[in-house]
Amino acid sequence: MALFPKVGRKQPGVRFAWYTVVAILLLGIFLHLLPFYFMITTSFKTTQETFAIPPTLWPQEPSFKAWELIFNVTTASSSSERIRTLLPQPMYIYFRNSMIQVLGAMAISLPVTAFAAYANSKLQQGRTARWFFLFFIGTLMLPFAVTLIPSFLLTRNFPFPTPNPPLIPGTENPFPTIRIWNTPWAIIIPAGFNAFNFLLFKGFFDTIPNSIIQAARVDGGSEFNIFRRIVVPMSIPVFAVAAWFQFGALWDSFLWPLVVLQSTDVIPMSVAINNLIQAFQQAGVTNADQAMGASQAFQQALDAGLSWPGLMVLGILQTIPVFVMFIICREYLLKGVRLRGLK
Amino acid sequence: MAKVEVRDVVKRYTAAQEDASRFDRDRPALDHINLTIEDGEIISIVGPSGCGKSTLLRIIAGLESVTSGQVLYNDYDVTDVEPQLRGVGMVFQDYALYPTMKGKGNLQYYFEVHQRTEEEMEARTREVARIMGVGFDLLMGQKTDTLSGGEQQRVAIGRCIVRDPLVFLMDEPISNLDAKLRESTRIEIKRMLRRFKVTTVYVTHDQQEAIFMGDRIVVMRFGKIEQVGTYDDLYYTPANLFVATFIGSPPMSVLPVTRNGAALVLGDGSRFELSDELAAVLPDGPMRLGMRAEGWLVDEGVAYPVRHIERIPTEQAAFIHTMVDGVHVTALVPLDYPQVDEVRLAPNWEQMYFFSATDESPLYTPGIPELF
Amino acid sequence: MAVIQVNNLTKQFDNDKIAVNNVSFRVDEGEFLVLVGPSGCGKTTTLRLLVGLESVSAGEIRFGDRVVNEIRPRDRNVAMVFQDYAVFPHMNVFENIAYGLRSRGGYSRQEIRERVDKAAKMFRIEPLLKRKPRQLSGGERQRVALARAMVRDADLYLFDEPLSNLDAQLRHGAREDIMTLHQEKQRPAVYVTHDQSEAMALGDRIAVMRDGFLEQIGTGSELYNQPVNLFVAFFIGAPSINLFDATIEAQNGSYYVRTKDFRALLPERFKAKVADHVDGRVILGIRPEDLHVPRKAPFEVTEDNTVEGVLNEIEPTSSGCAAYLNTVEGEKDFVATFKLRLPASYLGQTIPLGINMDKIHLFDARTEKSLLYGS
């Protein structure tokens, strides 16, 4: 289905409009891809070249130093102490942390959200369904910054969002609480229900004709069986989209892990990279002038690519899992079921 | 094999349950329905959209709950029994096949859920394939969302009969098919129903289909049953004006008339002398005259302009469409009737229906004609 | 604007499916042409090509002497009534009907008001002008769609199965409304349906399509009495024509048509046409109304024009009844229509029926072409 209907494109006024639209879209695509291109080419440049003005489109002196350095840094097999302090753990540890948290969150969130959406779409009716729907969607209206503090307090004294747990009435003892701060659960539990995916699932489940569910009931299936054997196989594309969105959102999430995770054996990659950038800045290697004037050791480090090229490499590493996830989900996206028009 | 009884069922949709824009808030979807379907009988339920026929079917199936009243199978109260346990087979208007399974999976879902043995499942599927005729095996092996409408419909029927149910429930199963396919499919369905002798409830909005399928026909409107009976009952002795105009194709024309002494006067002034029999029965004053296409005597009486002539070769008949007193009227004539601009019509006293001018009650209906 | 002319029209979709295959026809001023055929035959695609909602792969469409292949729908000046009526849900009935006039411009408010009122009155929806579509029944929405087509002064009126979504009972009235629209406008009209009885009732001429091809075009009685192939013979006419596999036999200078269940004498005037099919396989077609109860047949019923069948169902019709039978030997289903009412006591019995051999059809078993009619 084209932007402009096929018929009529040859008419003069329409033809001009069509070409203009195409040109604008091409420009948009180009601008969209430009940062990625820049990121990849910079990762192969030397530090000096990254500071060159005007910026070069293609590495004049391609160098793999940045890649080597990051992998050495990441596997902690580098000799330089200085470099070791920049990043306490090998990179794959942070990668592991990210994976555990994101996949764990998705493993709970997708079923929970899908069940909620199915119940709201097919099992509840009328006013009840509408109110629950509005309630869940309403949570999307709360900005994250507003709920940040209460959520943080919740992780310290789960389930009470207060700095100190309240006292059990009639005694001096506080309620028992669970402290999930600085554990992967601080990421997994809040992600357990995703209102955006709820909207997605409900929208799709609404398009499933009620007669199919009714036919299954007449056949004798329990509600859960119907969901598992009939609805889920039909919804695979939607699950793929929901998984893809959630993976992207969680993998790149930064502020929340920064707030609730501290020790290096739970920090995800996004926070780890930020820490690395901070370390670079403190070591003074991100500013051209400072860098040029620094000591021998720094010069070595710079030569080794510990600068913007290195950051670019890390950026690419951060992006790759999301991209891979997209490729995986795309397969399932296309396995759609055609609820055919009745002919 | 079951006798199905619906006792004083009322179904109301509350605002909390359903989007009330589909029904008037004041009117219940089903209003004190009483119906007994004998064991092995095929009953058609017919009526305009929104009359409650599908709702009634779903209540018999258990897919909807009643507000009050009872549903009984073989005198056993199943009103609160969930559909999974009622042992019915149902065919839906949009077939409602499971799109991610092949045809075979659709039939076998029932057995899986009830944890029957593999052998039983295979045996029943083979039996159904044999009954459904040539080509059904091919449908078994294909994903149902790749099948055409007619093929999907056959699988849906197969799914309905594979579990040997007590009652067949069919909700407009062939409405979505092409007209030609509908013709051949309904013969197949009727033959199959005759063979199984299972109690069947068949819902449709097409009165010709209802007449073909059902041993008895139930006409519904606005949540109430207007009349139950055989075709002849409904056609020759309709209980009210609605049933009279609903049953019969082309539909009956309704003309406002007045009885003036011994004559019947139409709105445009034409007068017809009443027969003795009718003169004895009809009251004076205004009333409504119902005429079916075959109830007109052609080439005698008053002249009316012809709008067009519709010729139907297979019925060896033609219908003259004309306007009498502002009302659209059809008259039945032989197929080779000449193409004219004007036709003279007079009513045949033996085939006239009279209804009250103010409500829908019948004043006189002809009854089944005496042919011999 | 004289005539709509379609020449060698072809439409091929991306997946290589040829939806419309080299179709040609014309629609004259004031003519009502019906495109009829089973689902997937290309009739709706043809209509959409006429509107301009699909692009033409090959061939041309002319309105008068203007080739319109590349012209946008809004510049073609056509009016269309859709299957699901396509009434705009957020506008009331008046605005819906006025939409075409308003978006084209050139009509004063007074003029729009007058036209809409006239159209609404014609289709009896005047009291509904202020309502929104969701407050209307299906039949009322359909009339809104018709009124919307009515207010325009289009060069071509197109109808895409407008009656399919209506209850069977409402269709008769709606047919009259469509005829009213056409008689008022007297412009060319093309109507698409899968229901052949609708086609026969409404069409001045009917075009039967299958798998993208135009099988035959002609008046209703031409298609009914002189079908050029098996498909047209089967498609037109309800109940459908009865078909029997048969062979032609020659015996003592006469030709006979022999099926598994009976043998019938072929009338002399058909002999020349089937001469090259003697001992060959053919398909015999007998229309339901050409089977007669022997006592009432308008011709002599002998053993050379009789078929016996077991009576399975009797369906009452407005002019008599339709009897559903099957042959004894081959268990072949067939249908006969009568002008009298068969009593139910005959159900299950074997009855003989006379065949009117002057009205039979014969088709080549391989090509399915008619041996008696067509080129």
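Which helices of chain C do the buried residues of α4(C) pack against? This question is taken up under point 5, after the overall make-up of the predicted model has been set out.

1. Chain A. Chain A contains 17 helices and zero strands. Of its 343 residues, 29% count as buried. Among contacts in chain A with a separation of 6 or more, 66% join residues 24 or more positions apart.

2. Chain B, overall. Chain B has ten helices and 20 strands, and its C-alpha trace spans about 75 × 45 × 45 Å along the principal axes. Buried residues account for 43% of the 372 residues in this chain. Of the contacts in chain B with a separation of 6 or more, 65% are between residues 24 or more positions apart. The chain is divided into domain 1, residues 4-243, and domain 2, residues 250-364. The centres of these two domains of chain B, taken over C-alpha atoms, are separated by 38 Å. Contact between them involves four residues of domain 1 of chain B and four residues of domain 2 of chain B. On the domain 1 side, the residues touching domain 2 of chain B comprise three nonpolar, one polar and no charged residues.

3. The nonpolar cores. The largest nonpolar core has 119 residues, and the members that touch the most others are B:I60, B:M90, B:L169, B:V201, B:V219 and B:A331. Helix α5 of chain B (residues 149-162) supplies the largest share of this core, with six residues. Both domain 1 (4-243) and domain 2 (250-364) of chain B give residues to the core, so it lies between them. A second, separate core has 101 residues, including C:Y85, C:F94, C:F338 and C:L353. As background, nonpolar side chains in soluble globular proteins tend to be buried together. Leaving aside neighbours within four places in sequence, B:L169 is in contact with B:L57, B:I60, B:A61, B:V88, B:G89, B:M90 and B:V201. Of these partners, B:I60, B:M90 and B:V201 are also listed with B:L169 among the core members that touch the most others.

4. Chain C, domains. Chain C is divided into domain 1 (4-235) and domain 2 (242-364). Taken over C-alpha atoms, the centres of the two domains of chain C are 39 Å apart. Five residues of domain 1 of chain C are in contact with five residues of domain 2 of chain C. The side of domain 1 of chain C that touches domain 2 of chain C has four nonpolar, one polar and no charged residues.

5. Helix α4 of chain C. This helix covers residues 109-122 of chain C; at 1.5 Å a residue its 14 residues should span 20 Å, and the distance of 20 Å between its end C-alpha atoms agrees. The buried residues in α4(C) include C:R115, C:V116, C:A119 and C:A120. Viewed down the axis of α4(C), the buried residues fall within an arc of 130°, so they line one face of the helix. An α-helix has 3.6 residues a turn, so residues three or four places apart point the same way. C:Q110, C:E111 and C:K121 are exposed on the other side of α4(C). In reply to the opening question, the buried residues of α4(C) pack against α3 (93-104) and α5 (138-150) of chain C. Just after α4(C), C:R124 takes a positive phi of about 65°.

6. The contact between chains B and C. Each chain's contribution is stated separately: 33 residues come from chain B and 33 residues from chain C. On the chain B side, the elements giving two or more residues are α6 (179-196), α7 (207-213), β15 (296-312) and β17 (327-334) of chain B. Of these, α6(B) gives the most, with five residues. By class, the side of chain B that touches chain C has 13 nonpolar, twelve polar and eight charged residues.

7. B:L138. Is this leucine of chain B, B:L138, buried or exposed? With 12 C-beta neighbours inside 10 Å, B:L138 counts as exposed, because the cut-off for that class is 12 or fewer. B:L138 is placed in helix α4 of chain B, residues 136-140. From B:L138 to B:I174 there are 36 residues in sequence and 21 Å in space, C-alpha to C-alpha.

Definitions and conventions: Residues are numbered from 1 along each chain as its sequence is written. Chains are lettered from A and ligands numbered from 1 in the order in which they are written. This is a predicted model: local features need pLDDT of at least 70, side-chain atom pairs count only at pLDDT 80 or more; totals for chains, interfaces and linings use all residues. Domain bounds come from an automatic or database domain assignment. Two residues are in contact if their C-beta atoms, placed from the backbone, lie within 7 Å. Ala, Val, Leu, Ile, Met, Phe, Trp, Tyr, Cys and Pro count as nonpolar, Asp, Glu, Lys and Arg as charged, and the others, Gly among them, as polar. A nonpolar core is a set of buried Ala, Val, Leu, Ile, Met, Phe, Trp, Tyr and Cys residues joined through C-beta atoms within 7 Å. A residue is buried if 20 or more other C-beta atoms lie within 10 Å of its own, exposed if 12 or fewer, and partly exposed in between; C-beta atoms are placed from the backbone. Helices (H or I, at least four residues) and strands (E, at least two) are DSSP runs, numbered from the N terminus. The expected span of a helix is 1.5 Å times one less than its number of residues. The arc is that of the directions from the helix axis to the C-beta atoms.
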